[in-house]
Amino acid sequence: MNENKRYNPDMPSEGYDQADYEALKASNIMPTLVTVKGMHFDSAEDASIFFARELDYVKSKSYDKIYPEFTALNNFPITHEVPEGAETMTYYSYEKTGFAAIISNYATDLPRADVKGEPTTASVKSIGDSYGYSIQEMRASRHAGKSLDTRKAEAARYAIDRTANTIAFAGDKEHKLMGMLSADNNIPLYTLSTVEVDGAQHTEFKYKSAQQILDDINGMFGYMADITQDVERADTLMLSSDVYIDISTRQIPNTGFTVKKFLLDNAPYLKNIISAPEMSGKSKSTNPYGKNVMMLYTNSAEKFSLEIPMSFYQYPLQNRNLEVIIPCEERIAGIILYYPLSALIAVGV
């Protein structure tokens, strides 16, 4: 379906997917609806146009729907560079090597600078579901003078977006899709400081003072600078929702600043702090570590992206007895991580 095409009540003849119209016209459903008392259809063609128009409206509404609770889909760079029909893609993770030096006028042994690339092959997989309407639902919508229920299409869109969001965080090892928290993504792990509480050692922020929290986060920036020789300067910090609330309300003594505000005002490269329920240790589908996770990263498609070769697509309807089914599909390659050292993960926040 053409996503730019929207139902226009002033031009109904242009407000439907031709493929849907043809499928309805060829079905055994439209002649049945024509014979129903009170439907007021002059012919099967008239009924086909009416319901094709209804379906176009439903499809358009599901394209427009936005679900802000999916953190990855709203906060990770998303690219569509791979062809829809590709089964795999190969990309390179890069590391700058070499150095420069003072040279003489006739130097022939110039130091060599280069970029070292390591190839990685990612699979491209389809995510699919469907929704549909029975002949009785079509009768009811016509009799009541209402549109077909758009919530079915929105539910189909929601299910596919939810799966894509889960893959963006945890990947899918069985299908060779990588996520930002996958064990094999080569993102370094940062070890948080510990504090002793009742004889036990803890790394969680809830046991630490505001200053100790700042020390941990500053330590992550320092560690990234050390391992990349200050090449990588992360601009985004992502935390589980409970930790985000904690630093948003935790006051630094005698300053009038919360930890969050102090970081945003004073950390030289930090631009954004994001609350992500997917980073919680309780979120088993998106967080494989089983503990609260914090991630520091550069939010740029030059560093990494969630590759979606084919965005959510709704195919022309299919007839199945006394029901019409609309198949939906999206193709995804998971997280493509060009510069693994542009991110840093801390477990046990």
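Visitor: Which strand do two bridges join to E1, and do the two run parallel or antiparallel?

Guide: Strands of a sheet pair through backbone hydrogen bonds, either parallel or antiparallel. Here two bridges join E1 to strand E11 (residues 304–307), and these strands run parallel. Two strands count as paired if DSSP finds at least two bridges between them. Strands (E, at least two residues) and helices (H or I, at least four) are DSSP runs, numbered from the N terminus. Thr-79 stands opposite Glu-307 in E11.

This is a predicted model, in which local features need pLDDT of at least 70, side-chain atom pairs count only at pLDDT 80 or more, and totals for chains, interfaces and linings use all residues. Residues are numbered from 1 along each chain as its sequence is written, and side-chain values use heavy atoms, leaving out hydrogens and water.

Visitor: What is the order of the strands in the open sheet?

Guide: The order of its three strands is E1-E11-E15, with mixed pairing. Strand E1 (78–79) and strand E15 (334–337) each have a single partner strand, so one side of each is left without a neighbour in the sheet.

Visitor: Is Asn-165 buried or exposed?

Guide: Buried means under 20% relative accessible area, exposed over 50%, and partly exposed in between (1.4 Å probe, protein chains only). Asn-165, in helix H6 (residues 151–170), is buried at 3%.

Visitor: Which residues is Asn-165 in contact with, leaving aside its neighbours within four places in sequence?

Guide: Contact means heavy atoms within 4.5 Å. Asn-165 is in contact with Phe-70, Thr-71, Ala-72, Leu-73 and Glu-278.

Visitor: Where is Leu-341 found?

Guide: Leu-341 is in the loop between E15 and strand E16 (343–347). Leu-341 is partly exposed, with a relative accessible area of 33%.
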